[in-house]
Structures are given as structure tokens and as C-alpha cells.
Amino acid sequence: MRRSASILVCLACIAAFAPGLDAYLKLGTRVSGRTVSLEWKQFPIRYFVMNRGVPGVTPNQFLNTIIHAFSVWESVEGVSLSSQFAGFTSAAPLDDDSVSVVGFVNRPDLDRVLGSTSFTIDVVTGEVVESDIFFNANFQWSLADTGEADRFDLESIALHEIGHLHGLGHSALGETELRAGGRRVLSAEAVMFPIAFSAGTTLGRTLRADDIAGIRDLYATDAFRQTTGSISGRVTKNGVGVAGAHVVAFNPANGKLVGGFTLSDDGSFVIAGLDPGPQVLRAEPLDDADIDSFFDPSLNVDVNFKPAFSTRLVVVPRGGTARNVEINVVAK
Amino acid sequence: MRRIALSVVLLFVTMPLHATVLLPIEFRELVTTAPVIVHGQVVDVRSEWVDGRRAVETFVTVEAAEYLKGNLGESFVFKVPGGQIGRYRTVFVGAPAFQTGDEVVLFLKTDGPSFPFLVGLSQGVFRIVTDTQSGRRVVTPPALVGVNSADAVRVVRGNPARRPVAIDVFRDAVHRALSEEPVVRRVLREGAMR
């Protein structure tokens, strides 16, 4: 009950690395003056795994965890994705060598980063040349089914990073608290929430509605897209568009939360991959997070407003879009 | 059904405010951890091959307006992962990007002879921007908790008490954190990014 309450209080939001008009839940990059989604065009995605373990994790155990995490994303209904382990390597992730590598690295300059994903992109064609995932060897890692005290769950973090590798940005669908010693995640309604659960838990091993909507937005088959719908609209303050607002779609029929962001100065947003039917929309400022982990600095993010709801229930059509939804907010 | 009803109610409930907040724990840790805290302006951004052309990093030159802690000189260079050389761009998801002209407060660390780097990557950057309504230069303050509070404080988005503030107010918060007794920290246990 308490967990349900915590989870449901959190309201969704999605991030994009670079702003774009329809950059819902997706990483984007500038190619020839326009924003394009970072996504893979050729399958299977081939990756190498570094032949180095850390205390508690052998290279083979690491490999099995990575293979499993890829399979979780690939098993989402309606999605066409595949990957292939290409072999062990001594090459390190984060090297620009045109080869995608997953592995443990010791990086003192990334002192509070559990793991991270990098891309090398051809900015002329928009092609992803490689994508590496690094796990910070300075942390203690666990493979245990129920977690281990003071160790971070490798499977949870792998699932998050492989979400990035597929082209998903950070989600803001999470709730945190501050206490002596730091900030703690109370609940997260997205694997792609950027702050990890505390060490010792395995709560991040299951994809949520927000993650599933995101991966479907990128890789769903055309047939499956006809079974979902989307919402488009604007968030405004005094008649002017609000950039960087977090917009959450709540489905009262099944309790699912899926989020998006306004990613341009006119305050427009698109949330795709939604179940058809009524949705309640809420806009809120991302004023509790380091927005650099969500947005490109060229976006003039406004966090000075109070949360607000759409004035009407929005009905998402199957295979279509509910358009012109407007949420008006006021300054704090 | 009960869960659905509850969720609808919670969606519309305004979260209670925690008005006794003074200084943030997380912010205090940033302040105590960073040897250098500086307010300045980005004057140059360039990407270069490093580590024997195996990786790309971006080197950001900052003209310091004021040091709140430590000193790296009138201008200095710090590094962030990723960058663009020619037609290839390396994007490090979650890492901050900078442009010439950005006004920032940076929390920096150094590691031997290497270039300084941000504490906690994007957590070590506070951007000073123009408020769309007032036209003032403001910075979004960190989430706050009482200095000696033993109670956890839930972070609520849209909390009216947490408005963008002028750099003077932000500077005062840093100075207050610096003047406090050292805080025992549980380093790298919670709040880790990914």
C-alpha cells in the first residue's frame, strides 16, 4: 500500500539529450541543422564485452547479465529489436574505435557515476558509429537475486544503460527524499530514472509503462503502432510557451504513467505509445534535478511555475493523436 | 480498483511543504567535497583527442568572476567527457555540454596534474539564466533540508518555496555551508548517478 502510494505520487517525465519538436523519450542529435533521433538502423546490434571482471563479478557472469538485459528490452511486445554478443575484448569502453564495448572501467573523474553510455555519431549522416557502456569499477557490484547490502545491483544498472544504448534518454518519473548523508530514491516509475536506488535493492530490474512506451516509440512495428495513440499540445505561461516542462499522462483505467517534455520554446510536446482511452495530463517544473542530465543547454528551460493539470480529460484515439491539448501554468 | 481510485486522488493532491528547510544536505556535500567553487563565464570550448587518440574530451575555458572556494586563477580550463572533432561527435549521455557565453557556478575537483573536472558530473553545474518573466539573472537553488534535521524531506516538484534566486542568495548559501561544522558523509552510497 505504502509502495503503491509512493509510486503513484511520482509523476512522469522524459528527457531528450537535444531538444526537438517530437523528441519524446528519445535521445537526439543535430544533423545538418535538424534534430534526429538516435536510433539503430541495422540489426542485430553487435557488441563486445570487456574481458575484465570486478570483485564479485567474473567476466562470464558479467556477460550473462548483459545478454539478459538486452533480452528484456527485446522482449517488449510489438518491438522489433535484436542484439548479438560478438566476443570478449581487451578494448575498453569509452574508446573511440568504431566498436561497441561494454565493460568495467576505473574513472576517478566520474566519482558519482555508477555507469554511463556514450555514442559516437556521424553528424553528416546521423548514423550511430558505436555505443559503449561503462560500469564504474570503483563501486561494489552484486548479482544476487535479492540484492546484497552495500552493493549495487548490476542487472538494474545494465537495464538502464542498455535503454540508453537503444536511444532512450532519462526519465524524471521518480520521487526522492533528502536526508543526512544524501539523496535517496523513494520510488521510480521508470528504469530510465537517472538516480539509482540505494545499494542492496533490485527494484530496477523491471521495465515500467514509461520505459515500454519509449522503446515502442522508437522500435515498434507499424502494425503495433496502430494499436496505440499519442497526445500533442502545449504548455504555456501567460500565453508564452514553456520549455523544459515535464508533462505526465496518467491513465485512470490502469494506473499507468507515461511522461514527456516540452522541448522547444513554443512549449509544444508529444507523448506517444499511449494506451487508447482517457488520460489525465499534468505539467510540472523539473526544479528538483540537475537539468543538465536531461537537456541540451541550448534549451531555455523554465522551472519557475506551479504544477497544473489540463482542464479536460484527453481521450487518446487508437492509431491516432489527440491534438491541441493546452496546459496553462502560473509562476511560483 | 482501490489502487486506481487512490492514484486519481493522489494525482490531484498538493504535496505538503516543508518550511523548515535551510541548507541542503546534498548541496552541503557538494560544497564540502569540491575544492574549488567558482562563478564565471565560459569563453572557449574545444574538443580534442586524448589518451593517445583513443577518446575525445571537451576542454572548457572559464573566466572567473568570483571564487567562492579555492582558486584556479583569473581563467582556467576544465574538462568534460565527449565532444566533436570533424564529422564525428561523441555524446556522453548525461554529461553537461557548454557553449561560449554560458554563465555558471561550477563545483570542481582536481586529480593530480590533470585538468579539473566537475564533482558528480552534471550535479556540479548550476547555470545562471535570464528569468523569462522578470528579466533578472537567476539560478535554480538546490533542494533544501534543515541543517540539523534528522528527518528525511521529500523533494516535491513545483514547491513554491523553491524559486529561482539571484546569484547573491546562492553565494550566501555556499558561504553558510562552508561555515558549518564538517558533516559526516556516507560517500558514494546514495544519490549515485547512472
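Trainee: Leaving aside its neighbours within four places in sequence, which residues is B:L108 in contact with?
Mentor: They are B:A34, B:V36, B:F78, B:P116, B:F117, B:L118, B:V119 and B:G124. Contact requires the C-beta atoms, placed from the backbone, to lie within 7 Å. This is a predicted model, in which local features need pLDDT of at least 70 and side-chain atom pairs count only at pLDDT 80 or more, while totals for chains, interfaces and linings use all residues. Residues are numbered from 1 along each chain as its sequence is written, with chains lettered from A and ligands numbered from 1 in the order in which they are written.

Trainee: What makes α3(A) largely enclosed?
Mentor: A residue is buried if 20 or more other C-beta atoms lie within 10 Å of its own. In α3(A), 12 of the 12 residues are buried, so the rest of the structure largely encloses this helix. Among them are A:L154, A:E155 and A:H160. The buried residues of α3(A) pack against α2 (59–74), β6 (115–122), β7 (128–136), β8 (141–142), β9 (152–153) and α4 (209–219) of chain A.

Trainee: How do you know what span is expected of α3 (residues 154–165) of chain A?
Mentor: The expected span is 1.5 Å times one less than the number of residues. With 12 residues, α3 of chain A reaches 16 Å from its first C-alpha to its last, close to the 16 Å expected. After α3(A) comes A:G167, with a positive phi near 115°.

Trainee: Which domains does the assignment give for chain A, and how far apart are their centres?
Mentor: Domain 1 covers 25–215 and domain 2 covers 226–329, with bounds from an automatic or database domain assignment. Their C-alpha centres lie 26 Å apart. Across the boundary, 11 residues of domain 1 are in contact with 12 residues of domain 2.

Definitions and conventions: Two residues are in contact if their C-beta atoms, placed from the backbone, lie within 7 Å. Helices (H or I, at least four residues) and strands (E, at least two) are DSSP runs, numbered from the N terminus.
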